[in-house]
Amino acid sequence: MRNPAVVGADNRRSTLDLDPGPRSIEGGAGSPQNFAINRPPLAISTLGELRSDKTGRLLVIGGMGRSGFDPAIPRTDKGLVGEIKDYVNNDSWFDDVADGPVEAEIVVDGAQQRAEGAWVLVGPPDFAPSVRSYRTMYDTHVDLIVREMALPTDDGLFAGPLADIASMNAAWKGHGTIGDFRPSFVRHIYPILSAIAQVGRSYDGPDFNFHHPFLDPAGYGDLGGPSSVEDTRKFIFAVIRDPGTLLKKSNPIEPLMMPAILGDYYGEANGRGGEKDPAYFHSVSQVQYALLRAWSEGKFEADWTGAAPPPSTKITPEGLDRAALENAVGGPFFPGIEAGWLFARKEAFRAPFRVAKGKTVGRAAVPVKPGQPPQKRDIVLEAGAFSQQMAQPWQADFLMCRSEVPFKDGRKIGWWPVQRPEKVFLSATSDKRLTWARHKDGSGFDERYLAMVDEWSTLGFLVGEDDALIEVDGPAPLVG
């Protein structure tokens, strides 16, 4: 528990929440509205602002990545005033990561109609925007929809652009899998395989022999075209970690399987966790694994024609949701990088893609007095519900959660390399990697948390495609 010296639910809310209150704006004509906060002595002056373009579209501009501490808040974590000691929990620290509900009224010919509510979440920056995760937040939410949700009968999207989700949802109810649904290689399989391959470009992870063909779209003919090779498909599927093995602590751990990413139970919690727990590692979702199984067995649409189709430029409601969620990471949630475990819980949603605003979804401990057992408060889906689960400040997680060598074989296992790179190339022809988190003179941050707080905005971005993923606008490449 962070800040246990701040006691009482009401006192904690007034002391620890950066809450500027609601803001409103008139579409197409309104002046920008700032989410200003008055919380001295922090360096955080705003959580962002609202704008509207000339056509009435709402624009939400997030915070500025600032973090600060309040020396008046007592520290019980043995840290000094202004010190960061832990990758996630640091008493007296604040940042401008934030989330909350969005409501809208639409006026057509003088008639008002309240629109369905939405939710906005501003997480830390994505320093590898060209790389998607093998399991995005969209994948995690679709997995939740297919396996656990009832689809609305009056939503035409599930008879149109989201018909794939509806088909899998119907099959899962009767069979516990996707049944006769035939995945498209282009839409369902290629995004997973290509993402697993690209992950290795942003950190110094294990190098599986079959990664390299994945970095060249020309090599996908053997996997997703009319002449795809069954033995190759089955070989690849055999080395992808089965998410079903992570459900029980008694199952064997599988460190050599893909993806080489640490998992939800890296640490001990709720009777799970540690190096002997299978969920010490992460996996694709259950629905993704079912899609990959069908592909391995030849039950898929072999629609690969030699290149991935370009992304659509058409703006649609479902496309806006997908674009946002596909650029966020769908795990592991230890604690997560943009949103945590609550996003993967059914009770957080009243319908697919709709957060259950105002719903109580659990209870949390609240300190009363030092030495006394804590009381409980409701966890309510309100502004800050998702971001309150994240590291404080966000830069602490960004410094520490790169990769680790958990076993003696020397292999590095990553955390969130598609958001937070570790090792980078400065050119497409280079065979030398540099440390991503480095000072202006090229020297590494090492374990210096405050350096990440002060210098994160000087770090480079990974851009490009396939095997030409390089860093741009970063610090000096050489030391001295």
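The model is predicted: local features require pLDDT of at least 70, side-chain atom pairs count only at pLDDT 80 or more, and totals for chains, interfaces and linings use all residues. Residues are numbered from 1 along each chain as its sequence is written, and side-chain values use heavy atoms, with hydrogens and water left out.

I begin with the overall fold. The chain has eleven helices and 19 strands; these are DSSP runs numbered from the N terminus, helices being H or I of at least four residues and strands E of at least two. With a radius of gyration of 23 Å, close to the 23 Å that the globule rule gives for 480 residues, the chain is as compact as a globular protein of that length. That radius is taken over C-alpha atoms, and the rule is 2.2 Å times the number of residues to the power 0.38. Buried residues, those under 20% relative accessible area with a 1.4 Å probe and protein chains only, make up 46% of the chain.

The structure holds three cavities of 30 Å³ or more. A cavity here is a set of points, on a 1 Å grid over the protein atoms alone, where a 1.4 Å probe fits but cannot get out; lining residues have an atom within 4 Å of a point. Grid points are joined across faces, edges and corners, and a volume is the space filled by probe spheres set on the points. The second largest cavity contains about 60 Å³, and its lining includes Trp415, Trp416 and Gly331.

Gly331 also brings us to the backbone. A cis peptide bond joins glycine 331 to proline 332, with omega about 5°, and proline 332 lies in the loop between helix H9 (317-326) and strand E10 (349-351). Another cis bond, between proline 40 and proline 41, also has omega about 5°. Most peptide bonds are trans, and most residues other than glycine have a negative phi.

Which residue takes a positive phi in the hairpin of E7 and E8? Aspartate 109 does, with phi near 50°. Strands E7 (105-108) and E8 (111-114) pair in the antiparallel sense over four bridges, where pairing requires at least two DSSP bridges. Aspartate 109 is exposed (over 50%), at a relative accessible area of 82%. Phenylalanine 353, whose phi is about 65°, is by contrast buried at 19%.

Conventions:
1 Å grid on protein atoms, 1.4 Å probe; cavity = no way out; pocket = protein on both sides within 12 Å on 5 of 7 lines; lining within 4 Å.
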